[in-house]
Amino acid sequence: MTGKPVKQVRLGAAFPGVNNTTVWSDPRAGSQIEFSSFVHLAQTAEAAKFDFFFLAEGLRLREKKGLIHDLDVVGRPDTLPVLAALAAVTTDIGLIGTINATFNEPFELARQFASLDHLSGGRAGWNLVTSSDAFTGENFRRGGYLSYRDRYVRAAELLDVVRTLWDSWPEDAVVADGEQGRFWSDPDTGAFAHHGEHFDVRGQFSVPASPQRYPVIFQAGDSEAGRDFGGAYADGIFTLVRDIGESRTYYQELKARKVAAGGSPDDLLILPGATFALGDTTEQAHENAAEIRRQQVSGATAIGFIEEVWNRDLSQYDPDGPLPDVAPDLDSAAIIQGKSRIYKDSAALIERWRQLADTQNLSIRDLVVEVSAKQTFIGTPAEVAEQINHRVQTDAADGFILSPHLTPSGLDEFATKVVPELQERGVFRSEYTGSTLRENLGLPVAHARSWPQDNLPAYASTST
């Protein structure tokens, strides 16, 4: 790294969701839906000078074998009202929400995010996701009609329309005061029109240009089409953690896609999701990690995990017994509805698992612990800080979006012990220096139509 500029570590705090990293059974676990839980995590992250608070959402309760999945959150408030409420109890931290581009309309999304940007003083961000899931689509008039590829066609055009609306208010619009109150003097301000494959809209946008003009855009798709979309349109990529070699390859690939779309490598941040386990000594940290993993994978969780891979009802199997001796069902509909099916070659994966289980004499639960629940970073605060910094300085990531295993206090120890270690190394801020999320992330200031429109992927639609 001699002669190479030292990179600043970027950190986001993800509110724990329903997955194999969340622990419900710990006595310290709190509510997933009470506003105080969201406040605690957001304020903890802000006190530690994190870049942003990150909130995911689901549009339908997941079902397993025709019943509501018993490890799902029921009653989670809608993302944007939660972020708007958090804007009132925080001052500097960014507020990023996952909102689906497939089942929403451009005008409402443009208005909602511009409003959040105003209310927060320029701290809004949108993690744009897509869906071709007909199960989720049943909650909406259009239904899940989009093919896997077409969902990105619609998303690209939708984002184009959203930015058209954000651009409809000039940055130097004149404000006048009259007897009827404050108004914008130019009657054409806010006028927009777009005619494309998925949207044919015209009208007048009702929200003035917000502090960031373009709230920060994140993207989480990891398919080829998703990578194309992210490289062309996103400011940040929320991705899976890979081993360090794969992470560096992925990092270079996504940066190259940004350049191919007409941007700069520095215009795109690669921020994998990550977990951690800490201890006063290395040995204690690994003991804590093992204990957390056993908490994360109960017997029911282990059976549910392998049912997703086998795509079969395996409830008759003992989680402390051997792997099922049946083949996966590759032809039936997914046994869990409302969740992305991420295992593309179940048969090959199961064969690898059988070999691992035979070699190490693993039960079903032992195997699931081994293959699904390992923390990304394990060690003393100094060791974890060094692990994070090493990945960032060697271009395996620009930072990480941390998902603690406990709600809402799981980030507390990281904030008070690991962050000071990063600050000591000179790679993490001690104070916020920017007034907007873009500035604090080191992203370029957005001006009207500053995003590249040449060299975009072929499926991208532009307004006419």
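Analyst: A salt bridge here is a side-chain nitrogen of Lys or Arg within 4 Å of a carboxyl oxygen of Asp or Glu. This is a predicted model, in which local features need pLDDT of at least 70 and side-chain atom pairs count only at pLDDT 80 or more, while totals for chains, interfaces and linings use all residues. Residues are numbered from 1 along each chain as its sequence is written, and side-chain values use heavy atoms, with hydrogens and water left out.

User: What makes Arg 429 and Asp 51 a salt bridge?

Analyst: Their closest N and O atoms are 2.7 Å apart. The limit is 4 Å, so the pair qualifies. The link joins distant parts of the chain: Arg 429 is in the loop between helix 13 and helix 14, and Asp 51 is in the loop between helix 1 and strand 2, 378 residues apart. Helices (H or I, at least four residues) and strands (E, at least two) are DSSP runs, numbered from the N terminus. Arg 429 and Asp 51 are both buried.

User: How many salt bridges does the structure hold?

Analyst: The structure holds 22. Side chains of opposite charge can pair when their charged atoms come close.

User: How do you know that Lys 49 and Glu 431 form a salt bridge?

Analyst: The N to O distance is 3.6 Å. That is within 4 Å, so the pair counts. Lys 49 sits in the loop between helix 1 (35-47) and strand 2, and Glu 431 in the loop between helix 13 (412-424) and helix 14 (437-441), so parts 382 residues apart in sequence are tied together.

User: Why is Lys 49 called buried?

Analyst: The relative accessible area of Lys 49 is 16%. Buried means under 20%, exposed over 50%, and partly exposed in between (1.4 Å probe, protein chains only), so 16% is buried.

User: Why does Glu 431 count as exposed?

Analyst: Glu 431 has 52% relative accessibility. That is over the 50% limit, so the residue is exposed.

User: What makes Arg 227 and Glu 253 a tie between separate parts?

Analyst: Their side chains meet in a salt bridge at 2.9 Å, N to O. Arg 227 lies in helix 6 and Glu 253 in helix 7, so the pair ties together parts 26 residues apart in sequence. Arg 227 is buried at 15%. Glu 253, at 23%, counts as partly exposed.

User: Why are helix 6 and helix 7 called oblique?

Analyst: The axes of helix 6 (residues 224-233) and helix 7 (residues 244-260) cross at roughly 55° and come within 7 Å. Axes are lines fitted to C-alpha atoms, for helices over the stretch in contact; angles run from 0 to 180 degrees between N-to-C directions. Under 35 degrees is roughly parallel, over 145 roughly antiparallel, 65 to 115 roughly perpendicular, and the rest oblique. The two helices are therefore oblique.

User: Why are helix 10 and helix 11 described in other terms, and in which terms?

Analyst: Helix 10 (residues 346-360) and helix 11 (residues 364-372) pack at about 115°, their axes 11 Å apart. They are therefore roughly perpendicular.

User: Which hand does the crossing of helix 6 and helix 7 have?

Analyst: Helix 6 passes helix 7 in a right-handed crossing. Right-handed means that the near helix is turned clockwise from the far one by less than a right angle, left-handed anticlockwise. Helix 10 passes helix 11 in a right-handed crossing too.

User: What makes Arg 213 stand out in its backbone?

Analyst: Arg 213 has a positive phi of about 65° although it is not a glycine. The residue is in the loop between strand 10 (200-204) and strand 11 (216-219). Arg 213 is buried, at 4% relative accessible area. Asn 311 also has a positive phi, about 55°, without being a glycine. Asn 311 lies in the loop between helix 9 (299-310) and strand 15 (336-337), and is buried at 5%.

User: Which residues does the cis peptide bond join?

Analyst: The bond joins Thr 407 and Pro 408, with omega about -5°. Pro 408 is in the loop between strand 17 (399-402) and helix 13.

User: How do you know that Pro 272 is buried?

Analyst: Its relative accessible area is 4%. Pro 272 lies in strand 13 (residues 269-274).
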